[in-house]
Amino acid sequence: MSTRRDFLQNITLGVGFTAMAQSLISPAAASPFITKNPAQKLRVAIMGLGSYGTRVAEAMEKCQMAELTGLITGTPAKAEAWKKKYNIADKNIYNYSTVSQIRNNPDIDVVYVITPNSLHHKHVIQVANAGKHVICEKPVADNAKQAREMIAACDKAGVKFYVGYRLHFEPHTREVIRMREAGEFGKVMYMENGSGFKIGDPTQWRLKQELAGGGALMDVGIYCINGARYGTGEEPTWVTAQEVKTDPVKFKEVDETMTFQLGFPSGAIANCSTTYNFNGLGSLRLIGDKGFAQLDPAFGYGPIKGRTHKGPLDQPVVTHQTAQMDGLADCILNNKPDPNMTGVEGLKDMLVIDAIYESVRQGGKKIMIKKV
Ligand code: NAD
């Protein structure tokens, strides 16, 4: 049976980070708890040593500008194993109740929060209050209200806040964005994005509302939304959405399959679908009045593949998490403009997600999306 891991291996996404689309969250970071790093490497602590945390740590071994220097975990056995594997000093290992002590640790610049979705709000605010920069996994929060609170906490603490939208550093995705910005597709008319997989273990946190904040939409449908936003270069203004549930026992608490339509100010529309109930959904399609792009797979770990009206895309294949962490390190250490993966970028997707759930609650009614 295909697993979530297979799905992610078989799809890819990419977002580009574009100068135009930069959304700056905070002024220059001013936290007194971050010291200048003479080694010019971003010193990263990972919070949540689970499946994706493991992938990020392994990818960071190949980073040139970022290194793993700390851990936050509730499981002493994991701390022991990671400490040996990554040569982490004992003084850089924390548990969930000692997070505030990180403020006094000069070996840690940023904490990467990789815990279940509904804990992101609490964990990001804890890290911000400890005076360290934060990277948080997607979805940034359960809803837009939480995302706003997280952004405010980071701004108040003078720390930077990013969301782990790895595709924003993925070369095929970036090329599509570059072409769109250069006008090579002409006016973007239509997008069709799909992202889903058949979920396994019925007892996992992803199927529990309290920890996941939602189902397929929150977990992987978010890639369709983010993709529609970087594909069009616009913020959607309205949504209509439909939910189908074929297994009300397994999906008692969270959404199983959703389809939704986004409308953009230019008149472009995006037709999107997401599921936890079948494999094979993982592509992005953009149609303009002068050309097209198709990424398939578009949202998993890669290799991402695709073509445009000019021919096949042959950008380099990269490990997304290595590129992401080097890219973020470059932004933070060299004070470069923030990529399009800040807390505000996460908020924009949450505003759409809030409206999608509202549309479903109202039987598919057209819902206007709130603005940042
Ligand atoms: P996981 O279950 O494998 O790991 C979660 C970690 O959080 C575990 O180490 C667990 O011990 C820890 N944790 C702390 N408090 C917990 C609690 N109260 N309940 C349960 N676990 C708790 O999950 P994962 O697949 O690593 O996902 C973690 C986050 O990473 C999610 O937000 C997910 O959306 C995100 N993610 C992102 C990508 C991506 O491509 N960007 C891919 C996979 C997962």
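Helices (H or I, at least four residues) and strands (E, at least two) are DSSP runs, numbered from the N terminus. The model is predicted, so that local features need pLDDT of at least 70 and side-chain atom pairs count only at pLDDT 80 or more, while totals for chains, interfaces and linings use all residues. Residues are numbered from 1 along each chain as its sequence is written, and side-chain values use heavy atoms, with hydrogens and water left out.

**Exercise 1.** Check the span of helix α9 (residues 320-333) against its number of residues.

*Solution.* The expected span is 1.5 Å times one less than the number of residues. The 14 residues of α9 should therefore span 20 Å, and its end C-alpha atoms are 20 Å apart, which agrees.

**Exercise 2.** Decide whether α9 is largely enclosed, and find what covers its buried residues.

*Solution.* Buried means under 20% relative accessible area (1.4 Å probe, protein chains only). In α9, 12 of the 14 residues are buried, so the helix is largely enclosed by the rest of the structure; among them are His 320, Met 325 and Ile 332. The cover, counted by contact (heavy atoms within 4.5 Å), includes β1 (42-47) and α2 (51-60).

Notes:
Buried < 20%, exposed > 50% of the residue type's maximum accessible area, 1.4 Å probe, protein only.
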